[in-house]
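Subject: Structure to look through, with notes

Hello,

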Amino acid sequence: MNAWPLLGVAVVVAGFALRRNPVLVVVIAGIVSGVASGMGVGDLLALLGTSFASNRVLLLFTLTLPVIGLLERCGLRERARQWIDGFRRLSLARLLVSYLAMRQVLSMFGLYDIAGHAQTVRPLLAPMAEQAAARDAPIDEATRLRMRALAAATDNVGRFFGEDVFLAFAGVLLIQRFFDSQGIHLEPFAIARWAVPTAIAAFVIHGLRIVWVQRRLARRKPAAEATDAAR
Amino acid sequence: MLRVEHIYWLVGAFLLVAAFMDARVKRWSAAAFWAVLSIPFLFGDAILAAAQSGVRWPAQAMGVGLIALGVLAARGKLRTHEESPEDDARRRASASKFGNPLFVPALAIPLATVALVLAAPHLRWNGAPLIEPTQATLISLGVACIVALAIGMRITRAPFAESLREGRRLLDALGWAALLPMVLATLGSVFASTGVGDAIAAIVGATIPADNRFACLVAFALGMVAFTVIMGNAFAAFPVMMAGVGLPLLVLKHGANPAVLGAIGMLTGYCGTLLTPMAANFNIVPAVLLELPDQYGVIRAQWPTALILLAVNVLLMWLLVFR
């Protein structure tokens, strides 16, 4: 076994730890790993080029930017905040937990690309979450940023832990193909149903964390009012 | 027939427009960055087809382009545009003027995507499917963006050029973060072909007490997480950990149920995805999109969920795989 390609991993860890530009770090790590494995320059460049071109699907989300940018210029995020203000009973926890549930169910039906950070979180969910958190008392900038991050985290959790229940999802097929190549034959459904307990656990854990965040916000409010009164 | 390649051409065209707009204001490195990045979208099929048939120079040129992108990314700074109070007031007035119809185009992206995915099997043109069935979701997403843009331009009565300007503003705000997911996936392929995975599986396999099935299970779960954190992708970790630890030790030696181990093992890897900057499209891109000053802000918001769920997954596997 040749352990030298592990140098590439070391480059990534060191580069991220030193907060160098991630793109450059990753490109260098790829070159280091390739050279350390004894690959020729021509082979390495061809490998980099073909892998890069085959992964272009990951930039497909940029097609949402023109319409999202246009709508933002016309006040979409401000409108999302105004809309939340109209629903006095839609608390932060209710907003995020129902988004989490919806995202998981949609993922289960294979519709995991219909929502996302560019399409739904930045223009809609994040401003709504900020506004819902600030409903009863103003929040400081750090809390505002934490609410945005929580909205993004909720999208990730909902997407990840719903999708493996879907039969045709690449993850289930990957598991099935792996065992198939080892002489163990499984039906996709036999695999997918075992993703259900984790999907439920993910909903409960993240849902409770959201409720806990809301509790802590509510607990800070009386304190804020008290200091206001003292002034 | 509408193929996913057509959608990629659209992305490439948008990137070229962004490059052109940057060149006009003499932001040369940004212009070069977007122009080089448009190449895999405009010529991706040709590059991959040539590589398949043994012509390697286009792929090698793309490899050089990738290195150039890395250098350009390190040179350019992320541009955070300045927000003036007038902008804020103008947008608030505009929000009140247009009202709830502003939501229509934003919601049209997911809704039109679903509608097209569901309708795709029935849409036919001269007997051939109108949308390539294997890539129906991605093609539908691309078409839905165009539909949403058309609705948005109708509602706001803004010209097409303005949507391109606004799109390029967001693209410039993303900067190198937009490219990071693609570069990381490339690194995953390089790691796979240079044997990084085999080396890690060998190290994990050599360090665990093979006779203790709980120790094997924990090693498998932690290996999935650790390897996903390194590769940024549970799909890359799964075959490595399964071949190195899961199959020989848990399934063959201790009689674990492969379906349960596979399903929950993969989801244990996803806990690692929540923890790593290497999964840039889920963890770093949204931090930049949401203008968080800390690029690890999203990871900070989700690590408790990931760790608790990891413990639950180990417990679930312990209860379910050895029945």
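Predicted model: local features only at pLDDT ≥ 70, side-chain atom pairs only at ≥ 80, totals over all residues.

Chain A has an average pLDDT of 86, and 91% of its residues score at least 70. Within chain A, the confidence is lowest in helix α9 (residues 170-181), where the mean is 80, and highest in helix α8 (residues 141-163), where it is 93.

Chain B contains 15 helices and 2 strands, and its C-alpha trace spans about 70 × 50 × 50 Å along the principal axes. Of the 323 residues in chain B, 52% are buried. If you take the contacts in chain B with a separation of 6 or more, 72% of them are between residues 24 or more positions apart.

For chain A, the domain assignment gives domain 1 (6-54) and domain 2 (61-227). The C-alpha centres of these two domains of chain A lie 33 Å apart.

The two chains touch each other, and the contact takes 98 residues from chain A and 113 residues from chain B. On the side of chain A that touches chain B, 63 residues are nonpolar, 25 are polar and 10 are charged.

The largest nonpolar core has 189 residues, and those with the most contacts inside it are A129(A) and A263(B). In soluble globular proteins, nonpolar side chains tend to be buried together.

If you follow A129(A) and leave aside its neighbours within four places in sequence, you will find it in contact with L92(A), L95(A), L96(A), M147(A), R148(A), L150(A) and A151(A). L92(A), L95(A) and L96(A) are among the buried residues of helix α6 of chain A, which also include Y99(A), L100(A) and R103(A). This helix α6 (residues 92-108) has 17 residues and reaches 24 Å from its first C-alpha to its last, close to the 24 Å expected at 1.5 Å a residue.

Two residues show how one chain meets the other. Not counting residues up to four places away in sequence, V27(A) touches L66(B), I67(B), G70(B) and V183(B). From the other chain, A95(B), in helix α4 (residues 85-98) of chain B, is buried with 21 other C-beta atoms within 10 Å. With the neighbours within four places in sequence left aside, A95(B) is in contact with G75(A), E78(A), R79(A), Q82(A) and L102(B).

Finally, some backbone angles in chain B deserve a look. Most residues other than glycine have a negative phi. R157(B), however, has a positive phi of about 55° although it is not a glycine; it sits in the loop between α6 (136-156) and α7 (160-174) of chain B, and with 8 C-beta neighbours inside 10 Å it counts as exposed. E291(B), in the loop between α14 (285-289) and α15 (297-320) of chain B, also has a positive phi, near 55°, and is a residue other than glycine. With 15 C-beta neighbours inside 10 Å, E291(B) counts as partly exposed. Helix α10 (residues 213-231) of chain B has 19 residues and reaches 26 Å from its first C-alpha to its last, close to the 27 Å expected at 1.5 Å a residue.

With best wishes

Terms used
Residues numbered from 1 in each chain as written. Chains lettered and ligands numbered in written order. Contact = placed C-beta atoms within 7 Å. Nonpolar A, V, L, I, M, F, W, Y, C, P; charged D, E, K, R; others polar. Core = buried A, V, L, I, M, F, W, Y, C linked by C-beta atoms within 7 Å. Buried ≥ 20, exposed ≤ 12 C-beta atoms within 10 Å, placed from the backbone. Domains from an automatic or database assignment. Helix = DSSP H or I, 4+ residues; strand = E, 2+ residues; numbered from the N terminus. Expected span 1.5 Å × (residues − 1). pLDDT = per-residue confidence, 0-100.
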